[in-house]
Amino acid sequence: MNYNQDFEEFISRHIGPSEQDIKVMLNELNVSSLDELIDQTIPRDIKLKTKLKLDEPLSEYEFIKLLNTVLAKNKIFKTYIGAGYYPTITPSVILRNILENPGWYTQYTPYQAEIAQGRLEALLNFQTMIIDLTGMPIANASLLDEGTAAAEAMLMLFNARKGNKKEADTIFVSEELFPQTIDVLKTRSNPFGIKLKIGNHLTDELTDDIFAVIVQYPADNGTIYDYKELFEKAKQKGIAAIVAADLMSLALLTPPGEFGADVVVGSTQRFGVPMSYGGPHAAYFAAKEEFKRIMPGRIIGISIDAAGNKAYRMALQTREQHIRREKATSNICTAQALLAIMAGMYAVYHGPEGIKQIAGRIHGFTVLLYKTLKKLGFNVTNESFFDTIEISFEGKAAWYKKLQKAALKAEVNFRYNSNLKVGVSLSETTSLSDVKEIVSLFAGAAGLQFDEPKFGKSKKEESDVIPKNLVRKTNYLTSGIFNTYRSETEFMRYAKSLEKKDLSLTTSMIPLGSCTMKLNAATEMLGITRPELTELHPFIPVEQAAGYHEIFDELKKDLCKITGFNDVSLQPNSGAQGEYTGLMVIREYHIDKGQGNRNIVLIPASAHGTNPASAAMAGMKVVVVACDDLGNIDIEDLNKKAVENKNDLAALMVTYPSTHGVYEEKIKEMCDIIHKNGGQVYMDGANMNAQAGLTSPKMIGADICHLNLHKTFCIPHGGGGPGVGPIAASAHLVKYLPNHSVIKTSTEKGIHAVVSAPWGSAGILVISYAYIKMIGAKGLAKASQTAILNANYIKEKLKDYYKVLYTGVNGRVAHELMFDFREFKASAGVEVEDVAKRLMDYGFHAPTVSFPVAGTLMIEPTESESKAELDRFCDALISIRNEIKEIEEGKFDQHDNVLKNAPHTAESLIATEWNHAYSREKAAYPNAAVKANKFWPAVSRINNAYGDRNLICSCNPVSDYTD
């Protein structure tokens with residue numbers, strides 16, 4: 001017996017191919033080792049000269065022990081801070097069956113709608129909930145957070161100006177908006193020259209230079225204002241109205257759609273989504289019908305499939321911002337799908353009566369607290385409220401200090417303002433004993449007697465703290481979906497029925513190029529539902545979050561070593577937000593040097609669409625650089641455009657390896673050209689899975705980059721979010737990293753906040769922290785090597801069947817590759833979309849379709865897929881090539897064949913009539929592997945044009961089902 005044996009290494013579970021498989025695959029590529037393959041793939045001059053110095057990797061067991069120690073340093077106090085973040089109760093059936101379920105969290109954005117009907121329905125439920133509660137006609141399927149949603153509303157209305165408002169450049173911002181939202185508005189308005197007039201909506205005049213007004217409902221201090229008169233004045237002057245509304249309050253308050261709002265935004269966090277020290281949470285965005293073609297984010301709509309059955313899809317996709325590139329009015333490329341699904345399911349679980357009861361309970365306890373404090377003589381400044389009251393200690397500074405001290409001792413957090421005012425916000429988790437404790441703390445600080453035995457036992461008094469004209473009268477959540485699943489058994493089955501309609505990593509590999517759909521290991525995921533992480537408010541004193549900050553510090557330290565840079569901001573909560581933040585940092589750097597004129601960004605034609613969209617959002621002018629016939633950046637064109645624009649050159653945005661799936665040999669020369677002409681180099685970190693441990697952004701010559709933690713560093717995609725896009729910066733850019741208005745996160749020269757929370761989606765950073773701690777430096781390099789091996793193995797297996805579009809100088813590809821399907825349109829009438837849909841019949845999600853080159857499939861297998869799975873995928877594509885050949889040879893009609901009719905549903909297979917020349921078996925069971933494990937698409941091919949012509953983006957009410 002060996003008593004010195006170590007625990008099992010995590011890397012053996014993370015990497016798909018076994019050591020024996022790797023030898024076989026290397027032999028197929030005619031190389032003797034992974035090192036030899038990498039030497040043939042990565043340019044010699046950018047390879048790391050020394051190995052990464054990270055902590056020794058931990059086993060899964062050892063990491064869990066470490067995590068327990070770290071999380072014990074977080075302190076869970078009772079928190080009544082509010083300001084957009086509230087304790088909530090996540091129903092266990094949602095926690096267990098959705099948030100902790102890889103069948104939900106490993107899905108991708110639902111571009112392939114036929115195998116995404118479950119989450120599309122769940123997101124439609126979310127939209128319906130938002131439409132009902134806000135009183136607006138249309139809503140999207142979530143945005144990143146409340147602050148960025150408010151900024152998106154501002155920019156949408158700014159770009160929609162017309163008539164006598166075409167030159168208006170000011171938005172009126174209520175001074176009672178949440179401070180973090182104002183902070184984000186400052187950031188996002190600056191590049192466009194939008195002025196923020198921050199003032200009192202009751203007294204300030206709406207001048208002609210104002211194009212929009214934004215207010216908080218209820219206000220920051222809890223007051224419920226009637227904005228109807230303000231909005232009527234605004235409408236008379238052609239000024240649009242934005243309301244940032246507390247969604248839970250709308251169960252009791254008049255919805256903004258009924259008093260003149262044009263856009264309503266907010267957070268759905270308190271609908272069962274934990275605070276998690278700031279995120280992730282799903283924001284909502286609802287608007288008038290006239291904005292449906294310009295509103296940001298994704299809209300889920302109802303269409304029909306080829307058989308005429310109802311089918312869900314992402315509607316109006318041509319308005320998606322990454323498709324519009326430099327003409328974009330937003331850079332939103334993702335959302336918070338998993339959190340939106342949770343919030344929508346919270347409404348499905350509770351129904352209208354349950355939501356009203358929760359809101360009523362919160363409000364009732366707040367009324368009790370308000371009346372008790374008033375009776376004790378405290379100066380409560382707001383006479384109307386839903387869940388928040390503000391108590392002034394003006395002239396009583398000693399009481400204020402005593403309260404702070406006593407509350408700290410009792411492990412209670414209130415919101416302390418600099419003007420001797422204390423905010424108290426109650427929540428779904430507040431109990432009668434909690435209210436009693438709050439009153440006791442206030443009374444004790446003032447030296448007052450509080451008669452505890454009778455507290456809360458007196459007859460309930462009628463509340464008049466909600467103005468009568470603002471009491472909600474309209475029904476909500478009337479659709480059958482919100483009035484059906486009351487028992488946990490029925491709800492569990494409903495959730496499972498949706499999950500089974502969707503293909504996730506629990507079914508098969510998802511080989512999406514530029515998406516890195518790798519393993520999200522169970523041990524990495526364990527931390528996200530731990531109460532030590534979920535129950536912390538983002539604005540608590542930082543010493544209560546010592547465990548969080550240890551995770552942040554360790555993660556930042558490791559990311560600095562991996563990128564070669566000097567510091568990291570964890571604030572951006574998506575990849576596109578990371579791009580935007582990086583460009584804003586570069587912009588601020590140039591301004592600080594007195595070169596604010598530098599506003600031109602060079603972007604290769606091959607770049608992902610979010611690059612030019614992010615540049616547009618940062619106020620930059622995009623100049624496109626051509627690519628040569630081999631798919632590389634045309635270095636002569638780059639040099640020419642850099643020199644032509646040298647006086648105004650801000651940056652080059654470059655993805656490395658390129659989106660064409662190759663390591664460009666002249667990358668260092670490209671970076672030198674930019675630096676010689678006064679610009680900075682921004683590297684898009686989307687493809688870091690082919691860099692980590694082998695090369696680095698610093699090595700190639702970049703100055704700053706963002707990282708997709710939801711790709712390279714194992715945060716799951718969640719069906720379209722959450723994501724995290726931190727930026728890593730060189731020393732000269734560090735002081736410009738984003739700050740925050742509530743808790744300082746940078747220097748005085750840091751840009752304003754880019755998202756609502758100081759550390760963005762803090763609650764899921766533990767996933768990437770876990771991955772790095774368990775995989776270590778050697779493991780990171782092995783993961784990148786294996787990702788490259790897997791891609792080259794697929795290339796080798798399929799090279800005789802499909803043309804590889806681009807390769808490096810030695811005929812190798814990076815971690816992804818593109819196959820060209822354009823020839824089959826002429827030879828067989830087959831489009832690349834037909835191949836994508838046919839892959840569903842084989843049990844696979846399609847690779848990335850027609851990006852970055854139309855008519856291609858971009859495949860990224862990642863290091864987590866085994867040789868057996870790669871072979872199964874290759875066998876499917878080889879079989880499909882034979883099916884195309886049958887059409888080319890005239891054995892099957894160009895219009896009626898297995899590709900044009902794909903995907904095939906179970907319903908179509910058991911139909912009495914079968915009017916196709918091919919057999920039912922050929923349609924549904926094209927090879928032996930499918931027979932062993934069949935995944936059935938829920939619908940046949942969806943009619944996209946029908947869905948856009950007949951836009952329906954909510955569920956029907958119960959009354960529609962009475963027949």
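The model is predicted. Its largest nonpolar core holds 289 residues, and a search of the whole structure finds 40 aromatic pairs. Seven strands form an open sheet with mixed pairing.

**Nonpolar cores**

- Within the largest nonpolar core, of 289 residues, the members that touch the most others are Met129, Tyr217, Phe231, Met345 and Leu602.
- The greatest contribution to this core comes from helix H24 (residues 765-798), which supplies 19 residues.
- Another core, of 31 residues, lies apart from it; Val367, Leu373, Leu403 and Ala446 are among its members.
- In soluble globular proteins, nonpolar side chains tend to be buried together.
- Beyond its neighbours within four places in sequence, Phe231 is in contact with Val213, Val215, Ala241, Val243, Phe259, Gly260 and Ala261.

**The open sheet and its helices**

- The strand order of the sheet is E2-E8-E7-E6-E5-E3-E4.
- Strand E2 (138-139) and strand E4 (195-199) are the edge strands, each pairing on one side only.
- Strand E3 (residues 170-174) and E4 run parallel and are joined by five bridges; Val173 stands opposite Ile198 in E4.
- Helix H8 (residues 146-159) packs on the sheet and touches E3, E4, strand E5 (210-217), strand E6 (240-245), strand E7 (263-267) and strand E8 (283-287). The direction of H8 makes about 165° with that of E7.
- Helix H9 (residues 179-189) also packs on the sheet, where it touches E3, E4 and E5. The direction of H9 makes about 160° with that of E4.

**Asparagine 897**

- Asn897 is located in the loop between helix H27 (867-888) and helix H28 (906-910).
- The relative accessibility of Asn897 is 1%, so this residue counts as buried.
- Two backbone nitrogens lie by polar atoms of the Asn897 side chain: that of Leu899 at 3.0 Å and that of Lys900 at 2.8 Å.
- When residues up to four places away in sequence are not counted, Asn897 touches Ile887, Phe892 and Tyr918.

**Aromatic pairs and a cluster**

- A pair of aromatic rings is described by the distance of the centres and the angle of the planes.
- Among the 40 aromatic pairs is that of Tyr589 and Tyr736, whose ring centres are 6.1 Å apart and whose planes stand at 75°, so the pair is edge-to-face.
- This pair links distant parts of the chain, 147 residues apart: Tyr589 is in helix H19 (residues 575-592), while Tyr736 is in the loop between strand E22 (727-729) and H24. Both tyrosines are buried.
- The rings of Phe844 and Phe873 also form an edge-to-face pair, because their planes are at 75° and their centres 5.3 Å apart.
- Phe844 sits in the loop between helix H26 (832-841) and strand E25 (848-849) and Phe873 in helix H27, so their pair ties together parts that are 29 residues apart in sequence.
- Phe844 is buried, with a relative accessible area of 1%, and Phe873 is buried with a value of 0%.
- One aromatic cluster is formed by Tyr80, Phe378, Phe393, Trp399, Tyr400, Phe414, Tyr416 and Phe442.

Technical notes:
Residues are numbered from 1 along each chain as its sequence is written. This is a predicted model: local features need pLDDT of at least 70, side-chain atom pairs count only at pLDDT 80 or more; totals for chains, interfaces and linings use all residues. Side-chain values use heavy atoms; hydrogens and water are left out. A nonpolar core is a set of buried Ala, Val, Leu, Ile, Met, Phe, Trp, Tyr and Cys residues joined through side-chain atoms within 4.5 Å. Buried means under 20% relative accessible area, exposed over 50%, partly exposed in between (1.4 Å probe, protein chains only). Helices (H or I, at least four residues) and strands (E, at least two) are DSSP runs, numbered from the N terminus. Contact means heavy atoms within 4.5 Å. Two strands pair if DSSP finds at least two bridges between them. Axes are lines fitted to C-alpha atoms, for helices over the stretch in contact, and angles run from 0 to 180 degrees between N-to-C directions. A polar contact is a pair of N or O atoms within 3.5 Å; within protein, one must be able to donate a hydrogen and the other to accept it, and residues adjacent in sequence count only if both atoms are side-chain atoms. Rings of Phe, Tyr and Trp (its six-membered ring) pair if their centres lie within 6.5 Å; planes under 30 degrees apart count as stacked, over 60 as edge-to-face and the rest as tilted.
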